[in-house]
Amino acid sequence: MAKEELTSIEWRSDQWMFQYGGLRPDNVLEYFSQSPFWDSSSNNAVLKMQTQFNDLQHASYDLKNMVGIEFAVTHQEPPSLFIITKFRRTSPTRAIPLAVYYIADGNAYEAPSLYSIISTRMLSSIKRVEEAFDIARRHSEFHPSVGYTWKETTEQKKARQEALKDIQ
């Protein structure tokens, strides 16, 4: 099954932020869990369901001992910027990053992958080179006895011949 493309989605819940008094380091993952980026089968969701009626003080400790998908706030500049990384945890000491999300002023986005950024930049660069070659091809002509030469207007030809006379 193909992964749904979420990099073009912007998500925001003004009602949630109003109800909980804005975003803070202690509630940003709860806010993020309401977004379409959230994986309801993640370890975070499982742990939340299992401990919803218990004290959550040891949630981060328990999360590190679980294997599977996990979300973590990896950078924060409250209240305007939070970066959340989706990991695949394989052991208590090893977690492989799968995706990066950011919340900027309450708007949640999925960051594009490095592959998509580089491929987009390369495609636009190649397009510009192709356009340059098309322009060069329009200004050149080929004759079997001479080969390729640049097309010149009569003014350009006169100016070139006068410049050659001045040099001689």
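Arginine 160 and glutamate 152 are joined through their side chains by a salt bridge, with N and O 2.8 Å apart; the term covers a side-chain nitrogen of Lys or Arg within 4 Å of a carboxyl oxygen of Asp or Glu. The model is predicted, so local features need pLDDT of at least 70 and side-chain atom pairs count only at pLDDT 80 or more, while totals for chains, interfaces and linings use all residues. Residues are numbered from 1 along each chain as its sequence is written, and side-chain values use heavy atoms, with hydrogens and water left out.

**Salt bridges**

Over the whole structure, the search finds 7 salt bridges. Side chains of opposite charge can pair when their charged atoms come close.

| Pair | N to O distance |
|---|---|
| Arginine 160 and glutamate 152 | 2.8 Å |
| Arginine 12 and aspartate 14 | 2.6 Å |
| Arginine 137 and aspartate 134 | 2.6 Å |

Accessibility is classed by relative accessible area: buried is under 20%, exposed is over 50%, and partly exposed lies in between (1.4 Å probe, protein chains only). Arginine 160 is partly exposed at 37%, and glutamate 152 is partly exposed at 33%. Arginine 12 has 38% and aspartate 14 has 47%, so each of these is partly exposed. Arginine 137 counts as exposed at 56%, whereas aspartate 134 is partly exposed at 27%. Arginine 137 and aspartate 134 are about one helical turn apart, because they are separated by 3 residues in helix 5 (residues 114-138).

Helices (H or I, at least four residues) and strands (E, at least two) are DSSP runs, numbered from the N terminus. Helix 5 also holds valine 129, which is partly exposed with a relative accessible area of 47%. Valine 129 and proline 112 are 17 residues apart in sequence, and their C-alpha atoms are 25 Å apart in space.

Helix 6 is hardly covered, with 0 buried residues among its 14.

Strand 5 (residues 140-143) includes serine 140, a buried residue at 18% relative accessible area. The side chain of serine 140 reaches the backbone oxygen of arginine 137 at 3.2 Å. Setting aside residues up to four places away in sequence, serine 140 touches Tyr148, Thr149, Trp150 and Lys151; contact here means heavy atoms within 4.5 Å.

Strand 5 pairs with strand 6 (residues 147-150) in the antiparallel sense over 4 bridges, where pairing requires that DSSP finds at least two bridges between the strands. Histidine 143 has glycine 147 in strand 6 as its bridge partner. The two strands form a hairpin, with 3 residues between them.

**Nonpolar core**

The largest nonpolar core has 19 residues, of which Leu23, Tyr31, Phe32, Phe37, Phe71, Tyr101 and Ile103 touch the most other members. Helix 1 (14-20), helix 2 (28-32), strand 1 (68-77), strand 2 (81-91) and strand 3 (94-104) are the elements that give two or more residues to this core. A nonpolar core is a set of buried Ala, Val, Leu, Ile, Met, Phe, Trp, Tyr and Cys residues joined through side-chain atoms within 4.5 Å. Apart from its neighbours within four places in sequence, phenylalanine 32 is in contact with Phe37, Trp38, Phe71, Ile84, Tyr101 and Ile103.

Note on methods. A polar contact is a pair of N or O atoms within 3.5 Å; within protein, one must be able to donate a hydrogen and the other to accept it, and residues adjacent in sequence count only if both atoms are side-chain atoms.
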